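Here is a chain to look at, with a few questions about the words used to describe it. Each answer sets a value against a cut-off.

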Amino acid sequence: MDYKLQMGVVSHLEMGSLDHSSMDDLDDECLYNPEMDARKAHSTDSIEQVSLSSSLPVGGRKTIRNGVYKSIKTVVFSNKLNLLMPFGPLAILVHKTTAHNGWVFFLSLLGITPLAERLGYATEQLAFFTGPTVGGLLNATFGNATELIISIYALKIGMIRVVQLSLLGSILSNMLLVLGCAFFCGGLVHHRKEQVFSKATAVVNSGLLLMAVMGLLFPAVLHSTHTERHDGKSELALSRFSSCIMLLAYAAYLVFQLKSQKDLYVPIDEVGSQNEEQSDDDDDEAPEISKWESIIWLAIMTAWISILSDYLVDTIQGASEAWDVPIAFISVILLPIIGNAAEHASAIMFAMKDKLDISLGVAIGSSTQISMFGIPFCVVIGWMMGCKMDLNFQLFETATLFITVIVVAFFLQEGTSNYFKGLMLILCYLIVAASFFVHEDPLSTDGELETTYTVGRRIL
């Protein structure tokens, strides 16, 4: 009995402990019942709603304000060249208060310089979100926006010769000066090795440039040999027909580049980037502003360049007379150097980073776009305006372009570059600049350019 009693007490105690543990579990279950969960979730949601409702108006405005301030600081105050930006409003002020066309032209030129460079910067930031191929196309397009805007304003007032010379100067500047500086600076930084680039891109662009020379050569020869079937009409008709063909060829080139043969345009350093150092360097690069900020800044810079271009074109004739400098030299040398500031900065920067394919795409791609799109586009726009813009750039200018294309194609045929090649291209550009300084444009000597300019301003 004692044993049974003892066992009964033990079993009763064990049952009591089990009942106690089950009661604890029950209590725990009661603590986490659905009603409590719903109540907690409701209280959490109400707290988050209160915090969001209390912080959204103030915090949202503060975030937007900080974002705008950061974007302005990054784009406007991060480059020393932007110290020239106040010269733009100063040019407008001088134009309104005085009649010194030389000063207005000079100040407008200085004011456009940082805008063209910042236009290239915004395009480069946008290229982070579009890929290398589209990015190179965007660089070439917005890099040439300054020249195209100046050309449209000049066409509007009938300054056909200024349009022809400025577009020609843009091609010469990109092929000789921009590419030469890129080869030279990249060769100095990487002097222990020979930089390489894709020969496929160089061959295609050289072919397009030779096609553009063909389009410019025939109207000039037709005019110089006096072999037109209809005097004064055949040359213009041939120019308009050739311009449409060149625009069609450029459209086919874009399809070829972006769709059909996309692999040919992948940079060499991206194809063979197997080493860890290069991949680490590529990973370190990141956009400094967002995609929409890049688009907004592109619109702002383009609009401001358009305003200053109007004053720039308005004072070309006066600046030529005040400085005793030929209009051909101003149009071929001075205007493209300012307009190509974006290409200068981008091409040199990428060459120093050993990304020579991108530098080649910016410099040669920009020349291709001006010759195959910019010039024919201006002919078509002049056709719509009733302006007799043609492809007859005169023999001296066309011969200069032809020789330049041959020289550059010769330098690009090996697919390698060094600082000596860059130096040769820069020296060739100096020869071209000296030639246009002593060249007397026949259209400006007989007063046609001055008469056209005066009539155009009177119409406006």
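Q: What does Thr398 touch, not counting residues up to four places away in sequence?
A: This is a predicted model. In it, Thr398 touches Leu216, Leu217, Ala220 and Phe393. Thr398 itself lies in helix α17.

Q: Why does Thr398 count as buried?
A: Its relative accessibility is 2%. Buried means under 20%. The value falls under the cut-off, so Thr398 counts as buried.

Q: What makes Glu397 count as buried?
A: Glu397 has 1% relative accessibility. The limit for buried is under 20%, so Glu397 counts as buried. Glu397 lies in helix α17, which covers residues 395-412.

Q: Which residues is Glu397 in contact with, leaving aside its neighbours within four places in sequence?
A: They are Arg161, Leu165, Leu168, Phe436, His439 and Asp441.

Q: How do you know that the side chains of Glu397 and Arg161 are joined by a polar contact?
A: The contact is 3.0 Å. A polar contact needs a pair of N or O atoms within 3.5 Å. The value is within that limit, so the pair qualifies.

Q: Where is Gly169 relative to Glu397?
A: The two are 228 residues apart along the chain. Their C-alpha atoms are separated by 9.4 Å.

Q: Why is α7 called roughly antiparallel to α16?
A: Helix α7 (residues 160-189) and helix α16 (residues 356-385) pack at an angle of about 170°. Angles over 145 degrees count as roughly antiparallel. The angle passes that mark, so α7 is roughly antiparallel to α16. The axes of the two helices are 10 Å apart.

Q: What classes of residue make up the contact of α7 with α16?
A: There are 15 nonpolar residues, 7 polar and no charged ones. On the α7 side, the residues include Leu167, Ile171 and Phe183. On the α16 side, they include Leu360, Ile364 and Cys378.

Q: What does UniProt list for residues 167-190 and 362-385?
A: Both are among the spans that the unreviewed entry lists as "transmembrane region". In the model, residues 167-190 are 96% helix and 0% strand, and their end C-alpha atoms lie 33 Å apart. Residues 362-385 are 100% helix and 0% strand, with end C-alpha atoms 31 Å apart.

Q: How many helices and strands does the chain have?
A: The chain has 20 helices and 2 strands. Of its 460 residues, 45% are buried.

Definitions and conventions
Residues numbered from 1 in each chain as written. Predicted model: local features only at pLDDT ≥ 70, side-chain atom pairs only at ≥ 80, totals over all residues. Heavy atoms only, no water. UniProt positions renumbered as here; feature names shortened; annotations may be inferred. Helix = DSSP H or I, 4+ residues; strand = E, 2+ residues; numbered from the N terminus. Buried < 20%, exposed > 50% of the residue type's maximum accessible area, 1.4 Å probe, protein only. Contact = heavy atoms within 4.5 Å. Polar contact = N/O pair within 3.5 Å; in protein donor to acceptor, adjacent residues only side chain to side chain. Axes fitted to C-alpha atoms, helices over the stretch in contact; angles between N-to-C directions. Parallel < 35°, antiparallel > 145°, perpendicular 65-115°, else oblique. Nonpolar A, V, L, I, M, F, W, Y, C, P; charged D, E, K, R; others polar.
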